[in-house]
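Open the structure in a viewer and keep the selection panel at hand. The stops below follow one another from a helix to a sheet and then to the cores.

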Amino acid sequence: MGEDGPVTSAPQRPDGPAPTPRLIATDLDGTLLRDDKSVSDRTVAALAAAEEAGIEVFFVTGRPARWMDVVAEHVHGHGLAICANGAAVVDLHAGREFVQVRELPRPDALAIVHALRAAAPGSSFAVELTTGIHYEPAYPPFYQDPGATVATAEKLLYADPDTTAAPVLKLLAHHPELSPDAFLTLARSAAGEFGSITRSSPTALLEISGLGVSKASTLERCCAERGISSAEVVAFGDMPNDVEMLTWAGTSYAMGNAHPAVIAAASGRTVANNEDGVALVIEQILADLAHRPH
């Protein structure tokens, strides 16, 4: 769940007529997925109906490519998904192959580590590479990744100039005591010049990408390749890492369980993820299209 009171009534639509949507961009955790990480039958049907109506669907998530199995069979047509908060575009039809990578330069990642160690003592770090995740001894363990290397961030980020190191997609920073929003504000002040800092976890866990890398900027690139304008995009999200995307999209919906910053950024609001808020809006979009004169 997110961090605001649930919305259980019908979606609050943006004011005024909206252009015919050509692309739906949706976050996964807390948005499209239910809290048990499942995709409901209603949502599966709505996604398929949207694609059938000629509306492209993009999953836009903070998840790494290796955690995309939950929705891999529900992406149609292009097969693409935006992962790691915009740091990667992957082809789910081709075994999660990387189509585009927007890396966090290692010198910038090291500068962020040094800045956060000074500004927020007790911070611990993980490094998400295109090849997998590695983390420090104090970082909350990733039981899903038993093959991870455990070492200091400085060692994990060191790259021998004579070798080709895997690109860094994200730096993750965890703090055991600070509140999530306080840690985010502090980190942006201390290290925002070196990377794009956001969060999507209910804990004090920050996700840090290269400067200018976000869900919004990578989605904008994907849309430009298709000749799709922001006005023709409908976006859904629930946490701070969705704010830029919801602001960029012509029509956007905060989930009923969304963080207050997301509610402020979105042009509309739908019901919570556990009540199929994304599917409900898609059904309304398709019903509106069916009633428009041809």
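Buried here means under 20% relative accessible area. The model is a predicted one.

Start by selecting helix α7, residues 215–225. Its buried residues are K215, A216, S217, T218, L219, C222 and C223. At the N-terminal end of α7, show S214 as the cap: one of its side-chain oxygens is 3.3 Å from the backbone nitrogen of A216. Past the other end, G227 follows α7 and has a positive phi, near 70°.

Next, select the open sheet of five strands, ordered β7-β6-β8-β10-β9 with antiparallel pairing. β7 (132–135) and β9 (196–199) form the edges, each pairing on one side only. From one strand to the next the twist averages 25°.

Within the sheet, pick β8 (residues 168–174) and β10 (residues 205–209), an antiparallel pair with four bridges. H174 sits opposite L205 of β10. α4 (residues 106–119) lies across β6 (124–129), β8 and β10, at about 5° to β8. α6 (residues 180–191) packs on the sheet and touches β8, β9 and β10, with its direction at about 180° to that of β9.

Finish with the nonpolar cores. The largest has 35 residues, of which I24, F59, M68, V71, F236 and I282 touch the most other members. Elements giving two or more residues to this core include α1 (28–32), β2 (56–60) and α10 (277–291); α10 gives the most, seven. Center on M68: leaving out residues up to four places away in sequence, M68 touches L28, F59, T61, R63, A81, C83 and L92. A second, separate core has 26 residues, among them A166, V168, A191 and L206.

Definitions and conventions: Residues are numbered from 1 along each chain as its sequence is written. This is a predicted model: local features need pLDDT of at least 70, side-chain atom pairs count only at pLDDT 80 or more; totals for chains, interfaces and linings use all residues. Side-chain values use heavy atoms; hydrogens and water are left out. A nonpolar core is a set of buried Ala, Val, Leu, Ile, Met, Phe, Trp, Tyr and Cys residues joined through side-chain atoms within 4.5 Å. Buried means under 20% relative accessible area, exposed over 50%, partly exposed in between (1.4 Å probe, protein chains only). Contact means heavy atoms within 4.5 Å. A polar contact is a pair of N or O atoms within 3.5 Å; within protein, one must be able to donate a hydrogen and the other to accept it, and residues adjacent in sequence count only if both atoms are side-chain atoms. Two strands pair if DSSP finds at least two bridges between them. Axes are lines fitted to C-alpha atoms, for helices over the stretch in contact, and angles run from 0 to 180 degrees between N-to-C directions.
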